Amino acid sequence: MSAYLHPGYLLIVIWVLWAASWIIASVWSSRVAARPSLARELPNRACTIIGAILLTGRYHFPGWPQLWALSDTDAWFALAALLGGIAFAWWARVTLGALWSGNVTRKEDHRIVDTGPYGVVRHPIYTGILLGVWGTALFLGRWETLLGALLMTIGFWLKAKLEESFLVAGLGEAAYADYKRRVPMLLPLAKGWG
């Protein structure tokens with residue numbers, strides 16, 4: 001098998017291409033009307049950044065062993081989880097359009113989007129990224145990467161909770177309550193989890 005078709009190489013290429021495309025697409029966003037203070041965003045940002053650093057697998061703690069090495073077949077399944085997660089996140093980003101922001105914000109023309117992936121979960125970008133994160137953590141099979149995935153999950157959950165409280169404050173509880181009742185937060189079919 002060519003080195004370029006090895007799942008480990010493709011895993012890196014997929015994440016780099018996703019990050020580059022995500023940054024380039026950030027120009028497609030409407031004006032921000034309001035945002036929470038940095039102090040309110042600090043907990044989710046800290047968890048997500050530390051988790052992402054650990055997820056890279058480049059930082060190994062002494063005495064923390066490799067937990068497993070995936071077979072080629074299992075490695076391809078982990079890679080498929082990454083691809084599926086990124087595809088889901090991109091579907092959500094396209095559906096959200098100019099209302100997207102990398103930070104918790106409320107746009108001037110903000111409204112609740114409940115179509116496409118937003119009819120499956122309220123935060124499909126986070127869900128998609130987390131599917132890719134957990135696929136990557138399982139692929140690498142180290143305590144550090146699993147801890148990184150867990151921290152990123154906590155970070156995205158905290159960000160989702162902050163985003164929802166911020167949107168409710170701006171759009172009103174009544175506008176968001178029906179959507180929240182109908183659609184789960186991060187996990188499809190898990191309505192009681194947030």
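**View 1. The kink in helix H2 of the predicted model, centred on Asn44.** In this predicted model, helix H2 bends by about 35° around Asn44, where the bend at a residue is the angle between axes fitted to the seven residues ending there and the seven starting there. H2 covers residues 38–55, has 18 residues and spans 24 Å from its first C-alpha to its last, close to the 26 Å expected at 1.5 Å a residue, the expected span being 1.5 Å times one less than the number of residues. Helices here are DSSP runs (H or I, at least four residues), numbered from the N terminus. Just after H2, Gly57 adopts a positive phi of about 75°.

**View 2. Buried residues of H2 and what covers them.** Glu41, Asn44, Cys47, Thr48, Gly51, Leu54 and Leu55 of H2 are buried, a term that means under 20% relative accessible area, with exposed over 50% and partly exposed in between (1.4 Å probe, protein chains only). Their cover includes helix H4 (124–140) and helix H5 (143–171), with contact taken as heavy atoms within 4.5 Å.

**View 3. The packing of H4 against H5.** The axes of H4 and H5 lie 8 Å apart at an angle of about 170°, the axes being lines fitted to C-alpha atoms over the stretch in contact and the angles running from 0 to 180 degrees between N-to-C directions. The two helices H4 and H5 are therefore roughly antiparallel, since angles over 145 degrees count as such, under 35 as roughly parallel, 65 to 115 as roughly perpendicular and the rest as oblique. Residues of H4 including Tyr126, Trp134 and Leu140 meet residues of H5 including Thr145, Phe156 and Glu163. The contact of H4 with H5 divides into 14 nonpolar, 2 polar and 2 charged residues, where Ala, Val, Leu, Ile, Met, Phe, Trp, Tyr, Cys and Pro count as nonpolar, Asp, Glu, Lys and Arg as charged, and the others, Gly among them, as polar.

View 4. Helix H1 (residues 7–24) and helix H3 (residues 72–96) pack at about 10° with axes 10 Å apart, which makes H1 roughly parallel to H3. By class, their contact holds 15 nonpolar, 1 polar and 1 charged residues. Ala19, located in H1, is partly exposed at 28% relative accessibility.

**Notes.** Residues are numbered from 1 along each chain as its sequence is written, and side-chain values use heavy atoms, without hydrogens and water. Local features need pLDDT of at least 70 and side-chain atom pairs count only at pLDDT 80 or more, whereas totals for chains, interfaces and linings use all residues.
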